[in-house]
Amino acid sequence: MTSTTISRLVLATLGLGGLAATTAFGPPAKPNPPQKGIGINLANIDTSVQPCEDFYHYANGAWLKNNPVPAAETRWGAFNELANNNQAVERRILEKAAANRTAKPGSNDQKVGDFYAAAMDSVGIEKAGLKYLQPRLDEIKNLKSLADVQKYMASPHYSGGWYGMGVGQDSKNSTQYAVQLRQGGLGLGDRDYYLKQDGRSKAVRTAYKAYMTSIFQLLGDAPSLAATNADAVLALETKIAEASRDRVALRDRLKNYNKVPVAQAAKDYPNLNLPLRLKESGLGSAQDVIIGQPEFLASVNNLMANTPIADQQQYLRWNLVDGTTSALPKAYGDANFRFQQVLTGAKQQQPRWKRALRATDGALGEAFGQLYVDEAFSPAAKARAKQMVENLRAAYAERIMATDWMSAATKKEAIQKLNAFAVKIGYPDKWKDYSKLKITRESALQNLFATAEWRRADNLAKFGKPIDRGEWGMTPPTVNAYYNSSMNEIVFPAGILQPPFYDPKADDAVNYGGVGAVIGHEMTHGFDDQGRRSDAKGNLRDWWTKEDNEKFNAKADMVGKQYDAFSPLDSVHVNGKLTMGENLADIGGITIAYQAFQKTAQFKGGQKIDGFTPAQRFFLGYAQIWRANQRPEALRQQVQTDPHSPGQYRTNGPLMNMPEFYEAFGCKDGNKMVRAAADRSRIW
Ligand SMILES: [Zn+2]
């Protein structure tokens, strides 16, 4: 939902084939004595780079040289390596489930096994051809009027296009769910791809049009008709793009929250027939809707009335097929991959088992999450992660109280919010109930449709019920973490609580620099430029004095300018406004982690391991989680669309503001890693 901010640690992670072993987060429960060669691999360091000139390349240079991006990947780094290990565990679980033909019908085992088996069954998928898609295509073909389109969009078979609707927490009244409407309907995901005139944007559009044309031909259109239909969809999506807010504008939580009575919305946007869509969605009793972008809906309202139904059919047809190519004959997936190559630079398609695994994780992640947890995550690991979170929370409170710029009144609210953070670690206490989801071995495509409908029903059923505070937004094997502003919670799946983020065999320095910084990052999202706008209860409410507000903004602006100046490729600059929340979280996260690390026996003892002081190992531990090679296309895509900065700036950006770092490595004024005192940003 747009008005609830879910701030992730990274946008997405992909892995490469292979069956590496997974090292779990724990036990032992007692800290080990420091050991040589554990936690930091000295062979990854590039000693030809000075740590005070470019710490990222000093800490990771040799690793970067020795670990090029595999052919089927677009990026390769610590997150990918770990995801790859987790996928090896998942693969064993899924293959075992798929081999079991005697699972109790309707059980999670049956569903997981059948979903994966059907997705892996390339022969069956080829043989089925369009058998399972055709009824859905016919449905769209039979739309004759705007009223028909409205009816279709209100039905469970509607698979996207025009705008999004769902049920989510009301960010000004976090104890209630609300109906939310938001901008959407763009196959390329980002408005800039449609509107920018640079060479790369044009190349992406050309490839997108070629992809659509191929799909329409595969569906049976003659070549010239397929091209005409692709033109119509691209033209329509371009109009939708013109009406859309850009990613920076979408970050503003207040401007993207507009609550209006249903009757008003029905009057303002008559061509959407909202009353019908609400009624058919079981939301007929809703009094209000929260509209993310009113001017966008106004444009869609006009476009729906003024776009020929024939063009709308092509658009809805495209929306139906684009999301299902993985469950259609090979030629469909190949067309999709040719487009992905231009977008991300990938050289090879991911192996089928990886695509099937990701689809199964996305559809039924919590149905086999327990099996993953049993294999890869111990109760001791959970307890230790919880302890680390509490150490970080205490350190954060100290930093808030020690700030010299914040008033006592604002500090009091900040501490209340910090103390109210709910913490989720590893996996849900209560797993999702999939009993109403029907999965069979018959058709991968049918399973995709069934899953989409189940997910829709699951979301809509929340309306009018108490907030489900046990719900998770990521599956257990995920190598990621998030802060949810309406829940005011920080969430760490089992998947990330492993080396190099957390290694039970490593010293505290490495673990505080790794998962400690991750925990601090998620906590700081509660106090970043958008997160700070909600309070301890998760409600959007301004709890800042005017003066503190201005001081915070001045500090944040400084960070924005710092990151604007970073340029990972010629003519490609980081967008300081787009990445603001993540950069603030990175800077706050490493600062808080260091504060907590200073309380450990290792820090106080000061004993060197492998020639490095505890403080030096802390920063090396931090740098290694961000090591990554990336294809230039993927890097351009990230800079344009991802709120996270590239890994080298997630490392150097925060450290350039940290005197603790300068001191650890003896950096002096004039070194590249040292900012002049007046140019440093320190919020926490
Ligand atoms: Zn984040």
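User: Which residues touch the most other members of the largest nonpolar core?

Analyst: In soluble globular proteins, nonpolar side chains tend to be buried together. A nonpolar core is here a set of buried Ala, Val, Leu, Ile, Met, Phe, Trp, Tyr and Cys residues joined through side-chain atoms within 4.5 Å. Buried means under 20% relative accessible area, exposed means over 50%, and partly exposed lies in between (1.4 Å probe, protein chains only). In this structure the largest core has 112 residues, and F55, F619, F661 and W684 touch the most other members. Helix α23 gives the largest share of this core, nine residues. Apart from it lies another core, of 71 residues, including Y211 and M304.

User: On what basis are such values given, and how are residues numbered?

Analyst: The model is predicted: local features need pLDDT of at least 70 and side-chain atom pairs count only at pLDDT 80 or more, while totals for chains, interfaces and linings use all residues. Residues are numbered from 1 along each chain as its sequence is written, and side-chain values use heavy atoms, with hydrogens and water left out.

User: Which residues is F661 in contact with, leaving aside its neighbours within four places in sequence?

Analyst: Contact means heavy atoms within 4.5 Å. By that rule F661 is in contact with P51, F55, F619, L655, C667 and M673.

User: Which residues coordinate the zinc ion?

Analyst: Donors are N, O and S atoms within 2.8 Å of the metal (3.2 Å for Na, K and Ca); water is not among the atoms, so sites may look incomplete. Here R8 (O), H521 (NE2), H525 (NE2) and E582 (OE) coordinate the zinc ion at 2.0 to 2.5 Å. R8 belongs to strand β1 (residues 6-8) and E582 to helix α23 (residues 580-597), so that this pair, 574 residues apart, links distant parts of the chain. Helices (H or I, at least four residues) and strands (E, at least two) are DSSP runs, numbered from the N terminus. R8 is partly exposed, at 34% relative accessibility, whereas E582 is buried at 6%.

User: What is the geometry of the site of the zinc ion?

Analyst: Four donors count as tetrahedral if all angles lie between 85 and 135 degrees. The angles among the four donor atoms are 92 to 133°, and the site is tetrahedral.

User: How many bridges join β3 to strand β4?

Analyst: Two strands pair if DSSP finds at least two bridges between them. Eight bridges join β3 to β4 (residues 173-183), and the strands run antiparallel. A hairpin joins β3 to β4 through two residues, and D170 stands opposite N173 in β4. In β3 (residues 163-170), eight of its eight residues are buried.

User: Where does UniProt place the feature "domain: Peptidase M13 C-terminal"?

Analyst: UniProt positions are given in the numbering used here, feature names are shortened, and annotations may be inferred rather than shown by experiment. The unreviewed UniProt entry places this feature at residues 480-678. That span is 49% helix and 6% strand, and its end C-alpha atoms lie 34 Å apart.

How values were computed. Tetrahedral: all angles 85-135°; square planar, octahedral: opposite > 155°, others 65-115°.
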